[in-house]
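Dear colleague,

I am passing this structure on to you, and below it you will find my notes on what was found. Please read them with the model open beside you.

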Amino acid sequence: MEHPENDDQYAGLVVNAGVAQPPSVNPYFRPKKRAPRLAPEAYIEGILNGDITILSQAVTLVESNLPADQAIAQKVIEACLPYSGNAIRVGITGVPGAGKSTFIEALGTELCKAAQKLAVLAIDPSSERSKGSILGDKTRMQELSTQDNAFIRPSPSAGSLGGVARKTRETIVLCEAAGFDTIIVETVGVGQSETAAHSMVDFFLLLQVTGTGDELQGIKRGIMEMADGIAINKCDGSNVDKARVAKTQFKNALALFPTPESGWHPYAVTCSAVEHTGVQDVWKMVEDYMTFTKRNGYFKRNRTQQAKYWMYETINQHLLDSFYHNPEIEAALEDTEAAVLRNEISSFVAAHNLLNQYNNQQ
């Protein structure tokens, strides 16, 4: 770019042309070669033998959107289904900063020391701009990740909590077939992810934290009604008294809610994931809940209802994919969208026209 300041009339003043900007992508980056796909029988055999490497590769297939990968994944899931269903499934949610990862590491380490096989499935939020995720749970759970009988698998939400939740549920099936007797599902901690996680676990734990300024902020009816138990984390140091006050507040709030369908009365406990105190009390709550619901029959009914729920969710997802990947619809979408933006047609009429066009092809 020419600079007028370099004209002769401005003697003694010179402006450099500048430095070329480096590329936004590392020029030395070389994409990692994709691992070759195995036959479905090889994945099935490896999973049933407890091979973690094969299990990880199978989970990658489940998370893939490629039709060829999905075809293999469905065969593997179908074959593993008879060997699943024997694990305790625990969902853990809480606001960002509640210490979910630290708590899971503390609890998971205790479970591994007790010779239990633990799988941690964490849903990581994806960037709306780059669509990327940090997937840093293995880094945060350093101690747990070194345990031989622990498997940590973070998955990106990829902008679709419902879609990733369905894949998370399929991953649960694979983990149970691989011999894991405890499955922990960690949610993003906001909105729809709680509902999705609640529909695939036996026990739903709400992790709360106190000392943030507004103790009643965590007492929200929607999430409280879903919780089977509450753990108030970071009950250590100068925060002990505040945590105990918060426990009383949550206890009073829970007393106002009607008894849930399970017949179980949720309650709150305090714990410190950093100091590993009270973590055993949380797990005792889970074990007591499992015993209680298996005795009154709710455990089996809940699992049946969840299977029904996910059948319809899978149908909905398939119909959605079928609609948006239809060649004629893909071709018509751009023109229809442009017509809506020009106010030539209303959003509702445009949607009905596209749906009618799709239905006429069936």
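At roughly what angle do the axes of helix H1 and helix H3 cross, and within what distance do they come? This is a predicted model, in which local features need pLDDT of at least 70 and side-chain atom pairs count only at pLDDT 80 or more, while totals for chains, interfaces and linings use all residues. Residues are numbered from 1 along each chain as its sequence is written, and side-chain values use heavy atoms, with hydrogens and water left out.

The axes of H1 (residues 40-48) and H3 (residues 67-80) come within 9 Å and cross at roughly 40°, where axes are lines fitted to C-alpha atoms, for helices over the stretch in contact, and angles run from 0 to 180 degrees between N-to-C directions. The two helices are therefore oblique to each other, a word for angles that are not under 35 degrees (roughly parallel), over 145 (roughly antiparallel) or 65 to 115 (roughly perpendicular). Pro40, Tyr43, Ile44 and Ile47 of H1 make the contact with Ile72, Lys75, Val76, Ala79 and Cys80 of H3, contact meaning heavy atoms within 4.5 Å.

Helices here are DSSP runs of H or I with at least four residues, and strands are runs of E with at least two, numbered from the N terminus; the protein has 14 helices and seven strands. Of its 362 residues, 43% are buried (buried means under 20% relative accessible area, exposed over 50%, and partly exposed in between, with a 1.4 Å probe and protein chains only).

The largest nonpolar core has 48 residues, and those with the most contacts inside it are Ile47, Leu55, Leu174, Ile183 and Met224; such a core is a set of buried Ala, Val, Leu, Ile, Met, Phe, Trp, Tyr and Cys residues joined through side-chain atoms within 4.5 Å. Leaving aside neighbours within four places in sequence, Leu174 is in contact with residues including Ile47, Val76 and Cys80.

Thr168, found in helix H7 (residues 161-177), is buried, with a relative accessible area of 5%, and beyond the residues up to four places away in sequence it touches Leu121, Ile123, Val185 and Met200.

Finally, two loop residues deserve a look. Ala115, in the loop between helix H4 (100-113) and strand S2 (118-124), has a positive phi of about 70° although it is not a glycine, and Ala115 is exposed, with a relative accessible area of 62%. His276, in the loop between strand S7 (268-270) and helix H11 (279-296), has a positive phi near 60° and is partly exposed, at 27% relative accessible area.

With best wishes
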